[in-house]
Amino acid sequence: MSVQEIDLRRLVIKAFHMNDVEMGDHNSVGYNGMMTVSKEIIPSLLEKYETLDNIDIQVIKPRDHDRWTNTIMDIIPISAKVLGKCGEGITHTLTGVYVMLTGVDTEGKQTHEFGSSEGQLSEQLVLGRAGTPGEDDYIISFDVTFKKDMGQERHGCLEAHQACDDFIQIYRELMKKFDGNKATERHEYHDIARPGQKKVLIIRQVAGQGAMYDTYLFPDEPSGAHGGRSIIEMNNMPVFLTPNEYRDGAIRSMQ
């Protein structure tokens, strides 16, 4: 007896690999694997977000990890929703490069809850794991300096994530115009229902304790910060996600 299958939704993720990431005068990204990073957005971000005192943006090249880092708040992939909503349609993403958000305040107090991770980057970041850069990947360091004690306040941490999201959005808008036929990789995922068969549920416990220990769901962009809903503000109630929503960056760690 054949099993009936219902295709509920289809997600296509098209990846564009970056071979070279350099500092420059403007933010740009293209099909040729070249990406330019600029600091030109910093003044407008400092004007927009009152808890931030300074921002530094640097490119960390592959294997150049013997350098100081402030506490790592997040490692963020650069992905953009091109068509449809979270969990379906088309998403463009970059490979070969990640954004690293770090934070400290003007008094030298690291942004942390239960433990900080400042020190040599080579000792604080494990490469090649799910969600972390590989040895051959570039890292764009987005280092935030908070005003005094703001790195220990929920509002301050949220503004750091949002400022970093504004920076990434520059690239997202460019990526949405990419010709999908020129992607380096193409992956297609389907959420399949099989009526009458066993149902599998994977339970993932996420942070929801306050301050820098929060989780956002369903942001405006894959792995984004703007538009997300706090698990704390949802009273830490269980939330059902489809496999494709999970794949498409529906969860954003705000730690």
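When I call a residue buried, I mean under 20% relative accessible area, exposed means over 50%, and partly exposed lies in between, all with a 1.4 Å probe and protein chains only. What you see above is a predicted model, in which local features need pLDDT of at least 70 and side-chain atom pairs count only at pLDDT 80 or more, while totals for chains, interfaces and linings use all residues. Residues are numbered from 1 along each chain as its sequence is written, and side-chain values use heavy atoms, with hydrogens and water left out.

Let me turn to the charged pairs. There are 18 salt bridges in the structure, where a salt bridge is a side-chain nitrogen of Lys or Arg within 4 Å of a carboxyl oxygen of Asp or Glu.

One of them joins K48 to D166, at 3.0 Å from N to O. Because K48 sits in helix α1 and D166 in helix α3 (residues 154-175), this pair ties together parts that are 118 residues apart in sequence; helices here are DSSP runs of H or I with at least four residues, strands are runs of E with at least two, and both are numbered from the N terminus. D166 is buried, its relative accessible area being 16%.

Another salt bridge brings K176 and E173 together at 3.7 Å, N to O. Here K176 is partly exposed at a relative accessible area of 28%, and E173 is also partly exposed, at 39%.

Finally, which residues are linked in a network of salt bridges? They are R10, R186 and E188.
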